[in-house]
Amino acid sequence: MDKAHIAYFKKLLGEDNAYFDEAHRRAYSYDATRKSFLPDGVLFPRDENDVCEILKFCNAHQIIIIPRGAGSGFTGGALAVNGGLVLGFEKYMNKILEIDLENLVARVQPGVINSALQKEVAKFGLFYPPDPASMEYSSLGGNVSENAGGMRAAKYGITKDYVMALRAVLPSGELIRAGKRTIKDVAGYNIAGILIASEGSLAVITEITLKLIALPKLKKTAMGVFDSVQSAMNAVYKTLSKGVTPVSMEFLDRLSIQAVEQKFHKGLPTDAGAILIADVDGNVKESVESDLAVLKESFKDCNAREFRVAKDEAEAADIWFARRNCSQSINIYGTLKLNEDITVPRSKLPELLEGIEQISSKYGFKVPCFGHTGDGNVHTNVMIPDKNDEKQVQKGHEAITEIFKLAVNLGGTLSGEHGIGLSKAPFMKLAFSEAEMNLFRAIKKAFDPNNILNPYKMGL
Ligand SMILES: Cc1cc2nc3c(=O)[nH]c(=O)nc-3n(C[C@H](O)[C@H](O)[C@H](O)COP(=O)(O)OP(=O)(O)OC[C@H]3O[C@@H](n4cnc5c(N)ncnc54)[C@H](O)[C@@H]3O)c2cc1C
């Protein structure tokens, strides 16, 4: 990197907040994809004004900027694929600025960790529902930029459903405000809506105003065991069509059940086709009990061979253990996991799972599936036995392409929560027409005419 540029950043931010040494560059070169690209430097803005100055300078000198939260992204969004400077918020811009108890709103900086906000608002009997499995370490800036979802999405929605307003800095260095602290706001284009899931490609988010709701007082966990994965999928939409929306409805298929059992010996039914785990919540005992009764009836209608409600929290944790540990357990099936998070309308889940079984047989790979069936989001894992065998890896990618096509043909999407980033960029043309891609490119150009902000991502 140009010495004059390094001198500028060190003067602007101080020696301790602008790093260009090998150790820092390496530390910020990776994310959860385990791919690594060395950035030219790492900057820690102290406040919004620093962000404005950094972007103004970078725009004038054509320097790439990559905003970064906790680096837990699964698609390479925070990777410096073509060099540039990583902008980190964990050092200073990590404060909960306000919890407004009158309007049920929280105002936070982008570096706040999701679970830190959850814990803080719970002290006031309030609830911030989006709970990605990475909530203990992923940042709210990263959550907004990826539109993260979680286990509670079926009932409570995802990040976008809670973002009321954003402050963000454009690549030009200008500050914009998008959205309001109001339930209704129809004035102007929905710029906050465009920034959500924009993966750091349009503007740097410097402040987030989030909607909070009341924390439900009661929760119950139930589990159903099914002989076939299709029966379990039918049970999902049968429950929903009876007007009951569980907080979460998660599933494990047979391969996932067998993997967890092989690793942890929990006494899971290894001959079952699928397990469904559902939480229902509320404030009134009778309404929670009535939801459980509907759940039981729907599961039985779909031939569940077992239906069990946890007696207490310990038993609930035991039920959830299998779901929480399946991602790591399925590694017994291969040395490389091609893991995608396709999503389809919930009524299409049986067809999706059937199609995946066919693709699995056609290519000869094990494809364990689990995930958030309550919102139609299935984690499909094409397991490659030997990651060093190029032919196997190539075949695995072909299988993934077929899985994407299947999801799109069923009216679904390439990604329910992990975003596009680098990993899914080549598949964008499966899901979007040329006219739609051109619109994305025009939006990118309007925000970032010099292409300095996280370029070469999202297939743009
Ligand atoms: C074990 C594990 C489990 C996971 N489970 C889930 C899950 O259940 N649901 C889910 O949705 N995701 C999940 N993820 C993926 C990941 O945690 C989410 O995508 C998360 O939102 C990323 O947050 P982050 O702070 O790590 O962001 P990063 O990975 O650092 O960045 C993600 C993207 O956001 C951009 N960005 C970050 N901060 C800003 C900012 N202030 N302004 C503009 N752009 C910014 C980056 O440029 C990048 O494109 C999981 C990941 C792991 C490793």
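First, the housekeeping. This is a predicted model, so bear in mind that local features need pLDDT of at least 70 and side-chain atom pairs count only at pLDDT 80 or more, while totals for chains, interfaces and linings use all residues. Residues are numbered from 1 along each chain as its sequence is written, and side-chain values use heavy atoms, with hydrogens and water left out.

What's the shell made of? The element names follow DSSP runs numbered from the N terminus: helices are H or I with at least four residues, strands are E with at least two.

Now zoom in on the ligand's oxygen atoms. A polar side-chain atom of Ser139 lies 2.7 Å from a ligand oxygen. From the backbone, an N or O atom of Ala133 lies 2.8 Å from an oxygen of the ligand, and one of Gly142 lies 3.3 Å from a ligand oxygen. As for how covered the ligand is, taken alone it exposes 970 Å², and the protein buries 93% of that. Those areas come from the Shrake-Rupley method with a 1.4 Å probe; for residues, only the protein chains shown count as cover.

Two residues in those shell-supplying elements deserve a look. Asn143 is found in helix α5, and it counts as buried because its relative accessible area is 4%. Buried here means under 20% relative accessible area, exposed means over 50%, and partly exposed is in between, with a 1.4 Å probe and protein chains only. The side chains of Asn143 and Ser138 are joined by a polar contact of 3.1 Å. A polar contact is a pair of N or O atoms within 3.5 Å; within protein, one must be able to donate a hydrogen and the other to accept it, and residues adjacent in sequence count only if both atoms are side-chain atoms. Then there's Thr206 in strand β10, buried at 2% relative accessible area. Its side chain makes a polar contact with the side chain of Glu48, at 2.9 Å.

On to the core. The largest nonpolar core has 51 residues, and Phe299, Leu352 and Val382 have the most contacts inside it. Elements giving two or more residues to this core include β12 (218–226), α10 (285–301), α13 (349–363) and β18 (377–384), while α14 gives the most, with seven residues. A nonpolar core is a set of buried Ala, Val, Leu, Ile, Met, Phe, Trp, Tyr and Cys residues joined through side-chain atoms within 4.5 Å.

Last stop, a few single residues. Ala310 is found in the loop between β15 (306–309) and α11 (313–324), and it is buried, at 5% relative accessible area. Lys445, in helix α16 (residues 434–447), is exposed, with a relative accessible area of 56%. Lys445 and Glu102 are 343 residues apart in sequence and 39 Å apart in space, C-alpha to C-alpha.

In the segment after α16 we find Asn451, which has a positive phi of about 55° although it is not a glycine. Asn451 is partly exposed, at 32%. Tyr456 is also found in the segment after α16, with phi near 65°, again a positive value in a residue other than glycine. Its relative accessibility is 47%, so Tyr456 counts as partly exposed.

That's my tour, thanks!
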